[in-house]
Each structure stands twice: as C-alpha cells, then as structure tokens.
Amino acid sequence: MRHAAPIALLACMASSAALAQDAQALYVKSLAATCANCHGTNGKTVEGSAVPPLAGVSASHITEQMQAFKAGTRPATVMHQIAKGYNDAQIAQIAAYFAAQKR
C-alpha cells in the first residue's frame, strides 16, 4: 500500500498534463475558428470562393502573410484589422493549425 500514493501522484500528474494539452489544443482550435467566417471551417473554403483556403498552406506562408497584414504592407479589406488582434505567438499557432489541415 505504501506505493499507492506515488502511483496516484503520477496518475494525477499524467492526467494534468493531458488536460493541459487538451486545453492548449482547444485554445488553438478556437483561435483558428475565428477565421471560419471567411476561410471556411478548418480553412476549407467552399468551391468558387474568392477567399483563399488556408488548409494545407505552409505555416511559414501563413505567418508571412499575417505579419504583412498586421504591418499594413499587404493590401486588404479587413485582414489588416483582424491581424492586429493577434500577437506573434497566436499567429504562429494559427499558422501551424492550418498547415496541419488537409485540403
């Protein structure tokens, strides 16, 4: 029985790590969901859309474009305003999320 406490502690730590990982994944997915109105669910636009899909686009390309919108060096209708709402870490997380999606 004296080993039960350390085992229970390890189980709690593993559970906490899993919960933290789940919370982080949910956070990143919620950031990416803000793009859905224009770029479609999970970055998949409807066929014929004038808005480019984000699913499967490289993270570096998405990051570069978001930074250009944020800096005002890439023309946009609303993206320059939207991009300013994200910090660099959030942009990187959004970019990685969409890069991981299948087209």
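Leaving out neighbours within four places in sequence, Gln-101 contacts Asn-42, Ala-55 and Gly-56 in this predicted model. Gln-101 sits in the segment after α5. The protein has five helices and zero strands, in the order α-α-α-α-α along the sequence. Buried residues account for 23% of its 103 residues. Of the contacts with a separation of 6 or more, 56% join residues 24 or more positions apart.

- A polar atom of the Gln-101 side chain lies 3.2 Å from the backbone oxygen of Tyr-97.
- Tyr-97 is itself one of the buried residues of α5.

**Helix α5**

- Helix α5 covers residues 88–99, and its 12 residues should span 16 Å at 1.5 Å a residue. The C-alpha atoms at its ends are 16 Å apart, which agrees with that expectation.
- The buried residues in α5 are Gln-90, Ile-91, Ile-94, Ala-95, Tyr-97 and Phe-98.
- Viewed down the axis of α5, these buried residues fall within an arc of 160°, so they line one face of the helix.
- As background, an α-helix has 3.6 residues a turn, so residues three or four places apart point the same way.
- At the start of α5, a side-chain oxygen of Asn-87 comes to within 3.1 Å of the backbone nitrogen of Ala-89.
- Gln-90 belongs to helix α5, and its relative accessibility of 15% makes it buried.
- Not counting residues up to four places away in sequence, Gln-90 touches Tyr-27, Leu-31 and Gly-85.

**Helix α3**

- The 13 residues of α3 should span 18 Å at 1.5 Å a residue, and its end C-alpha atoms are 18 Å apart, which agrees.
- Ile-62, Met-66, Ala-68 and Phe-69 are buried in α3.
- These residues cover an arc of only 160° around the axis, which puts them on the same side of α3.
- The buried residues of α3 pack against α4 and α5.
- Gly-72 follows α3 and has a positive phi, near 80°.

**The nonpolar core**

- The largest nonpolar core contains 17 residues.
- Within this core, the residues with the most contacts are Cys-35, Ile-62, Met-66, Tyr-86, Ile-94, Tyr-97 and Phe-98.
- At least two core residues come from each of α1 (4–33), α3, α4 (79–83) and α5.
- The most is given by α5, with five residues.
- In soluble globular proteins generally, nonpolar side chains tend to be buried together.
- Tyr-86 touches Leu-31, Thr-34, Met-66, Lys-70, Ile-91 and Ile-94, again not counting residues up to four places away in sequence.
- Among these partners of Tyr-86, Met-66 is one of the buried residues of α3, while Ile-91 and Ile-94 are buried in α5.

**The salt bridge**

- One salt bridge is found in a search of the whole structure.
- The salt bridge joins Asp-88 and Lys-70, whose closest N and O atoms are 3.6 Å apart.
- Asp-88 lies in helix α5 and Lys-70 in helix α3 (residues 59–71), so the pair ties together parts that are 18 residues apart in sequence.
- In general, side chains of opposite charge can pair when their charged atoms come close.
- Asp-88 is partly exposed, at 48% relative accessibility.
- Lys-70 is also partly exposed, with a relative accessible area of 24%.
- Lys-70 is one of the residues that Tyr-86 touches.

**The loop between α4 and α5**

- Lys-84 is in the loop between α4 and α5.
- Lys-84 and Gln-67 are 17 residues apart in sequence, and their C-alpha atoms are 8.7 Å apart in space.

Definitions and conventions: Residues are numbered from 1 along each chain as its sequence is written. This is a predicted model: local features need pLDDT of at least 70, side-chain atom pairs count only at pLDDT 80 or more; totals for chains, interfaces and linings use all residues. Side-chain values use heavy atoms; hydrogens and water are left out. Helices (H or I, at least four residues) and strands (E, at least two) are DSSP runs, numbered from the N terminus. The expected span of a helix is 1.5 Å times one less than its number of residues. Buried means under 20% relative accessible area, exposed over 50%, partly exposed in between (1.4 Å probe, protein chains only). The arc is that of the directions from the helix axis to the C-beta atoms. A polar contact is a pair of N or O atoms within 3.5 Å; within protein, one must be able to donate a hydrogen and the other to accept it, and residues adjacent in sequence count only if both atoms are side-chain atoms. A salt bridge is a side-chain nitrogen of Lys or Arg within 4 Å of a carboxyl oxygen of Asp or Glu. A nonpolar core is a set of buried Ala, Val, Leu, Ile, Met, Phe, Trp, Tyr and Cys residues joined through side-chain atoms within 4.5 Å. Contact means heavy atoms within 4.5 Å.
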